[in-house]
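Subject: Structure handover

Dear colleague,

Here is the structure I said I would pass on. My notes on it follow below.

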Amino acid sequence: MTSDNGSSIRITFNDGVVRQFMWASILWGLVGMLVGVLVASQLNFHELNLTSWLSFGRLRPLHTNAVIFAFVGNMMFAGIYYSTQRLCKARMASDLLSSLHFWGWQAIIVSAAITLPLGLTRGQEYAELIWPINLAVAVVWVLFAVNFFLTLARRREPSLYVALWFYISTIITVAMLYIVNHLAIPTSWTHGYSLFAGVQNALVQWWYGHNAVAFFLTTPILGIMYYFLPKAVERPVYSYRLSIVHFWSLVFIYIWAGPHHLLNTALPHWLQMLGMFFSLMLWAPSWGGMLNGLLTLRGAWDKLRTDPVVKFFIAAVTFYGMATFEGPLLSIKAVNALSHYSDWTIGHVHSGALGWNGLMAAGLFYWLTPRLYGTRLYSVPMANMHFWLSLVGILLYVAAMWISGIMQGLMLNSTDAAGQALTYPNFLETLSAIRPMMGFRVIGGVLYLLGMGLMTWNLWRTARSGAAVDESREVPLLPQGARDDMGLKLTFFSDPITYTFGGLFLLMGWIFLPGQAAWVALAGTLLFAGIALRRFASSHSSWSAWYDRLLENWLPFTILTFIAVALGGLIQIIPTVLVNRAKNVEDRLQQPYTPLEVAGREIYVAEGCYNCHSQMIRTMLPDVLRYGDYSRLGESIYDHPFQWGSKRTGPDLAREGGKYPHGWHYNHMRDPRSTSVGSNMPAYPHLFTEKFDQRSLPRKIAVLSRLGVPYAAMSDVEIKQRAIEQGIEIVKLLEAEKLPALPDTKIVALIAYLQKLGKFDKVEPKENQQSPVPPVLPLPANPDRARPQSNKP
């Protein structure tokens, strides 16, 4: 693997692990996109929900996890392993760790592919995997991190190239996000409850969920862009200075933007504004990175006509720019009122996942495969055909979702001129209107999948025409002390750090301090910024020398990156931990679920109902007219996990309890079309024969009590007895409607849960206590005018 002649050393890179991750990415990409086409088709044809484990609610999380963690994850690892070895001029530190990383990651993906269709889920978007799998993710990620940082420590190149900056930020931030969001107390080997509940759970989830997009789907792919795009076009990166601004502003700002997923909800208003503010700031660094990528092609635009790799890379960077323009746009509160819970968000997500990540993956694989197998690409025309199929497919998909989302958002938010009644009171009217766009969505997905199939065949034939090759090269040895000699004192007690953190401290004062103090902090921020700029102008060379020195020291660089990303999370989460308590609620406090309702809630989560239904009535007049009074912070305070949702394929269920009789829910689950003509919801016949899990109820109640849910002391026998007794009461009411059921079946437990939604106890507001989101919402003169005959899809 290595040979030393005194002044230089010959190394052989570990390209075997690159090949492994590349082929795994292609395989799981085909699987994830095939499942995506199936679930998109299920929205048009409910008959395609063939069994309980092939239903939309269970397959949709499989699709998202397969595309994010299996397809993009494996592609990311392939690009990182290939480029890191070349940038460090060193073989990966441990072949064993590389192998454990690969096989461990594939085992995690297989475990997810088995457990999610079985209904074993945490019920949180992008964080559905059960706790044993999450533990495995953490272990494998640590193995990857150790291998990566050991390689940095042994590198034979003194300075860290920009791609490595993005890899460092990815590794440390994903670890932080994943561990915090998945903290849970197990109740069994396949189930556990999140430590967080209600609004706190919502904030932590979208702190993770938004930044999973940032630091799993964006920063590592940007690192890959900064390495492979210049290689493909044989030009240096357009601007090194721009890459510095791009990196530090992106990793600092991105971590603050999560609350924009929770606008107009029960989340405290200051957090909503904070999320929107930082989301809008993301326009600058995101577009700086996009322009840096596109302008790297200066003097080489002719390659765009002839080289499919360049086509894919440039189209991907363009989609990155489009998605990062759209994201801040959707975070504006007025725009979010229209787009949230609609297909517009789905289109936005797919323009990033398939347009940015998918096209970058294709360009990467077309560039890598000939080099990994010592041959030429089998068919350039086939690669070009793949490009056009993918481009047309994703544009058709995204355009359909834009039209669908805007159309449905406008219909759902439309009221009469007086604002007293809904123009489209029946939710199903809006669903019927967007059905054609759902069809175009399927066509776009099929075209993209066909392109993936062409790429797979093309690369397979390319590999067959050559043989696996591990590159070897001669690299010079570094003199002693040429890297990693910067102490913590020089790192932190320097002008760049002093002025940066001093300015941030004053800026936080402007954001968080009340009244006049905020304006004083703003004046201090501007004054401090002026002093910093003057200091920078007078000692520019020393600041540049400090940063050049920093880039030769991976540990101080990593510590500063961690501080930059951790700061935003701490400032958001700690206050929410303090406010999300029963003594701090506004005027309503959630009634704890009975044992049977706990069992019903577990069924609701297992069937993936949160994929189509929200449980959060926003502080908006149309939401109030359609679903009832807006949701309060205290009404989900005992929900582990929260179920606010992010998409409404069906109506909101926050006040579903008591809205319909038991028999309506019974018939709706057996045949949704019998109660809601035109519904695309699948039937759930297995709920009428399968028993709910009584044995685990005592342990679940015990853990919920430990997490703060105020249950009275009950023995295991009492818990089970109360569940059955409540089930018997429900069965009696069903029998009165001539509907047969047994008290220990899942349908009875689910009905109990649905009938509990929206039940609360009145709480006397404390003196001078203010609502975190104080809306002024007029009530309709005649509430019956705003109530649809059937609000269920």
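His 191 counts as buried, because its relative accessibility is 13% and the cut-off for buried is under 20%. The model is a predicted one, so please read this value and the others as computed from predicted coordinates.

As for its setting, His 191 belongs to strand S4, which covers residues 191-194. Leaving aside residues up to four places away in sequence, His 191 is in contact with Trp 131, Pro 186, Glu 602 and Lys 700.

On the protein as a whole: among contacts with a separation of 6 or more, 84% join residues 24 or more positions apart. The secondary structure comprises 29 helices and 7 strands. Of the 793 residues, 60% are buried.

Overall dimensions come next. The radius of gyration is 27 Å, which agrees with the value near 28 Å that a compact globule of 793 residues would have. The C-alpha trace spans about 90 × 65 × 55 Å along its principal axes.

Regards

Key: Residues numbered from 1 in each chain as written. Predicted model: local features only at pLDDT ≥ 70, side-chain atom pairs only at ≥ 80, totals over all residues. Heavy atoms only, no water. Helix = DSSP H or I, 4+ residues; strand = E, 2+ residues; numbered from the N terminus. Buried < 20%, exposed > 50% of the residue type's maximum accessible area, 1.4 Å probe, protein only. Contact = heavy atoms within 4.5 Å. Rg over C-alpha atoms; globule rule 2.2 N^0.38 Å.
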